[in-house]
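Welcome! Here are some exercises to work through with the sequence and the 3D view side by side. Try each task yourself before reading its solution.

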Amino acid sequence: THAGHPALNACVNDYVIKLVSGLKLGEMTSLRFRVLEKRMYDNFDQMVNDLGTDSLLPGKQLTEKQAAQVYREFGKKYIDGEKKYGAVALRLELIKD
């Protein structure tokens, strides 16, 4: 499974931290990952075409066009990042404490 993003400065073997909503309202939890692989693309369409929808958005029944649009719907930051830098797919390993 890969995580798709607008261009990101992470490199292979870097550790990244992702803040996610906790079980309680207003609670945040951080998850740590190690970057196993990084692939650069010109845009989200190219990324989805190469990796497939199931790798990027597991469990979703989407066409490649719909899957690329999901990333753009994350907001202006993703749209602007794609236009300026392209897209990057990271294969991540969850680091368990």
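**Exercise 1. Find Arg 34 and decide how exposed Arg 34 is, then find its salt-bridge partner.**

Step 1. Arg 34 has a relative accessible area of 21%, and that makes Arg 34 partly exposed. The cut-offs are these: buried is under 20% relative accessible area, exposed is over 50%, and partly exposed lies in between (1.4 Å probe, protein chains only).

Step 2. Before going on, note that this is a predicted model, in which local features need pLDDT of at least 70 and side-chain atom pairs count only at pLDDT 80 or more, while totals for chains, interfaces and linings use all residues. Residues are numbered from 1 along each chain as its sequence is written, and side-chain values use heavy atoms, with hydrogens and water left out.

Step 3. The partner is Glu 93, and the N to O distance of this salt bridge is 3.1 Å. A salt bridge here is a side-chain nitrogen of Lys or Arg within 4 Å of a carboxyl oxygen of Asp or Glu.

Step 4. Now place the two residues: Arg 34 sits in strand E3 (residues 28-41) and Glu 93 in strand E4 (residues 87-95), 59 residues apart. Helices (H or I, at least four residues) and strands (E, at least two) are DSSP runs, numbered from the N terminus. Glu 93 is partly exposed too, at 31%.

**Exercise 2. Which other salt bridges can you trace, and how many does the whole structure hold?**

Step 1. Begin with Glu 37 and Arg 91, whose closest N and O atoms are 3.1 Å apart. Because Glu 37 lies in strand E3 and Arg 91 in strand E4, the pair ties together parts 54 residues apart in sequence. Arg 91 is partly exposed, at 32% relative accessibility.

Step 2. Widen the view: Glu 37 and Arg 91 belong to a network of salt bridges with Arg 39 and Asp 50.

Step 3. Next, move to helix H4 (residues 76-85), where Asp 80 and Lys 76 are 4 residues apart, about one turn of the helix. Their closest N and O atoms are 2.8 Å apart in a salt bridge. Lys 76 is exposed at 61%, whereas Asp 80 is partly exposed at 34%.

Step 4. A search of the whole structure gives 7 salt bridges.

**Exercise 3. Which residues of H4 are buried, and where do they point?**

Step 1. The buried residues of H4 are Tyr 78, Gly 81 and Glu 82.

Step 2. Viewed down the helix axis, they fall within an arc of 100°, so they line one face of H4. The arc is that of the directions from the helix axis to the C-beta atoms.

Step 3. On the face turned away from this buried side, look for the exposed residues Lys 76, Lys 83 and Lys 84.

Step 4. Return to Glu 82, which has a relative accessible area of 9%. Its side chain makes a polar contact of 2.8 Å with that of Arg 72. A polar contact is a pair of N or O atoms within 3.5 Å; within protein, one must be able to donate a hydrogen and the other to accept it, and residues adjacent in sequence count only if both atoms are side-chain atoms.

**Exercise 4. Which aromatic residues form one cluster, and how do their rings meet?**

Step 1. The cluster is made of Phe 44, Tyr 71, Phe 74 and Tyr 78. Rings of Phe, Tyr and Trp (its six-membered ring) pair if their centres lie within 6.5 Å; planes under 30 degrees apart count as stacked, over 60 as edge-to-face and the rest as tilted. By this rule there are 4 aromatic pairs.

Step 2. Phe 44 and Tyr 78 are stacked, 6.4 Å centre to centre with 25° between the planes. Since Phe 44 lies in helix H1 and Tyr 78 in helix H4, the pair ties together parts 34 residues apart in sequence. Both residues are buried.

Step 3. The rings of Tyr 71 and Phe 74 have centres 5.6 Å apart and planes at 90°, so this pair is edge-to-face. Tyr 71 is buried, with a relative accessible area of 3%.
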